[in-house]
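Q: I have a model open and want to go through its contacts and geometry. Can you take my questions as they come?

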Amino acid sequence: MDKITAKGLFGTVKILVEVTKEDEELIFDFNGEEDPLLEPLIRHYLNYAPAMGGTYYPPTNSMLNVVNVLQNGSFFTKLISLEIEGEPETIPFDDSDPNIIY
């Protein structure tokens with residue numbers, strides 16, 4: 001994933017979150033700028049994100065984990081839209097054995 005763009009309600013306020021990754025570090029923009037109050041909050045949710053697919057916990061600092069947090073209702077009160085630029089990450093699985101999946 002190259003970039004994640006999400007619109008949603010934070011409480012009753014509509015915000016736009018853009019996330020990119022540079023040198024293995026997540027970069028967050030809220031309504032086009034950095035926000036010293038919202039960034040620590042979303043990073044907190046990344047540390048305590050729920051499992052995906054029931055048993056898979058994506059790496060904390062991964063774009064897949066960002067999608068997980070934005071979709072599961074931890075950060076946004078209501079997710080309005082989510083766009084992913086680039087190749088989406090997926091939950092690991094084993095092609096040779098369809099019974100092995102997270």
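Q: Which residues does isoleucine 4 touch, not counting residues up to four places away in sequence?
A: Isoleucine 4 touches Val17, Glu18, Val19, Met63, Val66, Val67, Leu70, Leu82 and Glu83, with residues up to four places away in sequence not counted. Contact means heavy atoms within 4.5 Å.

Q: What should I know about the numbering and the model?
A: Residues are numbered from 1 along each chain as its sequence is written, and side-chain values use heavy atoms, with hydrogens and water left out. This is a predicted model, where local features need pLDDT of at least 70, side-chain atom pairs count only at pLDDT 80 or more, and totals for chains, interfaces and linings use all residues.

Q: Which residues touch the most other members of the largest nonpolar core?
A: Ile4, Val19, Phe30, Leu70 and Phe75, out of 23 residues in that core. A nonpolar core is a set of buried Ala, Val, Leu, Ile, Met, Phe, Trp, Tyr and Cys residues joined through side-chain atoms within 4.5 Å. Buried means under 20% relative accessible area, exposed over 50%, and partly exposed in between, with a 1.4 Å probe and protein chains only.

Q: Which elements give two or more residues to this core?
A: Strands S1 (3–10), S2 (13–22) and S3 (25–30), plus helices H1 (38–47) and H2 (63–72). H2 gives the most, with six residues. The elements are DSSP runs numbered from the N terminus: helices are H or I with at least four residues, strands are E with at least two.

Q: Why would such residues sit together?
A: In soluble globular proteins, nonpolar side chains tend to be buried together.

Q: Helices next. At what angle do the axes of H1 and H2 cross?
A: At roughly 105 degrees, and the axes come within 9 Å. Axes are lines fitted to C-alpha atoms, for helices over the stretch in contact, and angles run from 0 to 180 degrees between N-to-C directions. H1 and H2 are therefore roughly perpendicular to each other. That label covers 65 to 115 degrees; under 35 is roughly parallel, over 145 roughly antiparallel, and the rest oblique.

Q: Which residues of H1 and H2 meet?
A: On the H1 side Ile42, Tyr45 and Leu46, and on the H2 side Asn65, Val66, Val69 and Leu70. By class, this contact has six nonpolar, one polar and no charged residues. Here Ala, Val, Leu, Ile, Met, Phe, Trp, Tyr, Cys and Pro count as nonpolar, Asp, Glu, Lys and Arg as charged, and the others, Gly among them, as polar.

Q: Which strands does H1 lie across?
A: S1, S2 and S3, and H1 runs at about 130 degrees to S3.

Q: And the sheet, in what order do the strands come?
A: The four strands form an open sheet in the order S3-S2-S1-S4, with antiparallel pairing. Two strands pair if DSSP finds at least two bridges between them. S3 and S4 (78–85) stand at the edges with a single partner strand each, so one side of each is left without a neighbour in the sheet. The twist averages 20 degrees from one strand to the next.

Q: How many bridges join S1 to S2?
A: Eight. Among the bridge pairs, leucine 9 partners lysine 14 in S2, and phenylalanine 10 partners valine 13.

Q: How many join S2 to S3?
A: Six, again in an antiparallel pair. Lysine 21, for one, has leucine 26 as its bridge partner.

Q: What about the turn between S2 and S3?
A: S2 and S3 form a hairpin with two residues between them, and aspartate 23 in the turn has a positive phi of about 50 degrees. Aspartate 23 counts as exposed, at 79% relative accessibility. Glutamate 24 also has a positive phi, about 65 degrees, although it is not a glycine.

Q: Last one: is serine 62 buried or exposed?
A: Serine 62 counts as buried because its relative accessibility is 7%. Serine 62 is in the loop between H1 and H2 and touches Lys21, Leu26 and Glu89, not counting residues up to four places away in sequence.
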